[in-house]
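Biologist: Hello! Could you walk me through this protein, one question at a time?

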Amino acid sequence: MKRITRPDIDEYFLKIASVVAERSTCRRHHVGSVAVRDKHILATGYNGAASGLKDCLELGCLRDELNIPSGTRHEVCRGIHAEQNVIIQATLHGVSLEGATIYVTHTPCILCAKMLVNAKIKRFVTFGEYADDAFKDLFKEANIEFELHKKPSPNITYLA
């Protein structure tokens, strides 16, 4: 009989964050975020333009046009970050993120890190590194656990 292996819980939710990232409308980075507490998904978010507005797939990337390096000048972008959207989605549905673990495909920018601190998350898990690492000192001061994992396999095991 063939032995079937299960992904551990962190790999499972990182894979889900990767699927969420597929909805991104950013031309630079596809980022997905999943908020989890007690092994239950609270909210998801991906990076892209505000709901109902034209996005970068349609209009092009203003940051590319202006040669703005990744990790800088966040205000010059029509997109909302995945971490911001996961907070917004939780809020829209009346869900607190206090004590939650946030699984994201990339490390956060400093703006998102500050929002996550105020949302009172307890843990941040990722496999990808973004160009801004200023979040590390902030997370340390706020006692938010940070874990950088290896990228999960994109394979999905089906039995039949």
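**A friendly tour of the chain**

Biologist: Let's begin with helix α4, residues 82-92. Which residues of helix α4 are buried?

Modeller: Keep in mind that this is a predicted model. A residue counts as buried when its relative accessible area is under 20%. By that test, the buried residues of α4 are Ala82, Glu83, Gln84, Asn85, Val86, Ile87 and Ala90.

Biologist: Leu92 is in helix α4 too. Is Leu92 buried or exposed?

Modeller: The cut-off for exposed is over 50% relative accessible area. Leu92 has 63% relative accessibility, so Leu92 is exposed.

Biologist: How far apart are the C-alpha atoms of Leu92 and Pro152?

Modeller: Along the chain, Leu92 and Pro152 are 60 residues apart.

Biologist: Now for the whole chain. How many helices and strands does the protein chain have, and what pattern do they follow?

Modeller: The secondary structure comes to six helices and seven strands. Read along the sequence, the pattern is α-β-β-β-α-α-β-α-β-α-β-α-β.

Biologist: Why does the radius of gyration agree with a compact globule?

Modeller: For 160 residues, a compact globule would have a radius of gyration near 15 Å. The C-alpha trace spans about 55 × 40 × 30 Å along its principal axes. The radius of gyration agrees with the globule value because the protein chain has 16 Å.

Biologist: What share of the residues is buried, and what share of the contacts joins residues 24 or more positions apart?

Modeller: Of the 160 residues in the protein chain, 41% are buried. For the contacts, we count those with a separation of 6 or more. Among these, the share from residues 24 or more positions apart is 54%.

Biologist: What about the surface: how much of the accessible surface belongs to carbon and sulfur atoms?

Modeller: The accessible surface of the protein chain comes to about 9900 Å². The part that belongs to carbon and sulfur atoms is 52%.

Biologist: How far apart do the centres of the positive and negative side chains lie?

Modeller: The protein chain has 21 positive and 19 negative side chains. The centres of these two sets lie apart by 4 Å.

Biologist: Let's turn to helix α1. How far does α1 reach from its first C-alpha to its last?

Modeller: Helix α1 covers residues 9-21, which is 13 residues. At 1.5 Å a residue, the expected reach is 18 Å. The model comes close to that, with a reach of 18 Å.

Biologist: What covers the buried residues of α1?

Modeller: The buried residues in α1 are Asp10, Phe13, Leu14, Lys15, Ala17, Val20 and Ala21. Their cover includes β1, β2, β5, β6 and β7.

Biologist: Strand β5 holds Thr101. Is Thr101 buried or exposed, and which residues does Thr101 touch?

Modeller: The relative accessible area of Thr101 is 7%, so Thr101 is buried. Leaving out residues up to four places away in sequence, Thr101 touches Val34, Ala35, Val36, Lys122, Arg123 and Val125.

Biologist: His30 sits in the loop between α1 and β1. How far is His30 from Thr105 in space?

Modeller: His30 is partly exposed, because its relative accessible area is 42%. Not counting residues up to four places away in sequence, His30 touches Ala21, Ser24, Asn47, Thr105 and His106. His30 and Thr105 are 75 residues apart in sequence, and their C-alpha to C-alpha distance is 8.2 Å.

Biologist: Leu111 is in helix α5. How far apart in space are Leu111 and Glu11?

Modeller: Leu111 counts as partly exposed, because its relative accessibility is 36%. In sequence, Leu111 and Glu11 are 100 residues apart. In space, C-alpha to C-alpha, they are apart by 26 Å.

Biologist: One more! In which loops are Asp38 and Asn143, and what is the phi of each?

Modeller: Asp38 is in the loop between β1 and β2, and Asn143 is in the loop between α6 and β7. Asp38 counts as exposed because its relative accessibility is 67%, and Asn143 is exposed with 66%. Both are residues other than glycine with a positive phi: near 55 degrees for Asp38 and near 60 degrees for Asn143.

Terms used
Residues are numbered from 1 along each chain as its sequence is written. This is a predicted model: local features need pLDDT of at least 70, side-chain atom pairs count only at pLDDT 80 or more; totals for chains, interfaces and linings use all residues. Side-chain values use heavy atoms; hydrogens and water are left out. Helices (H or I, at least four residues) and strands (E, at least two) are DSSP runs, numbered from the N terminus. Buried means under 20% relative accessible area, exposed over 50%, partly exposed in between (1.4 Å probe, protein chains only). The radius of gyration is taken over C-alpha atoms; the globule rule is 2.2 Å times the number of residues to the power 0.38. Contact means heavy atoms within 4.5 Å. Accessible areas come from the Shrake-Rupley method with a 1.4 Å probe; for residues, only the protein chains shown count as cover. Lys and Arg count as positive and Asp and Glu as negative; His and the chain ends are not counted. The place of a charge is taken as NZ of Lys, CZ of Arg, CG of Asp or CD of Glu. The expected span of a helix is 1.5 Å times one less than its number of residues.
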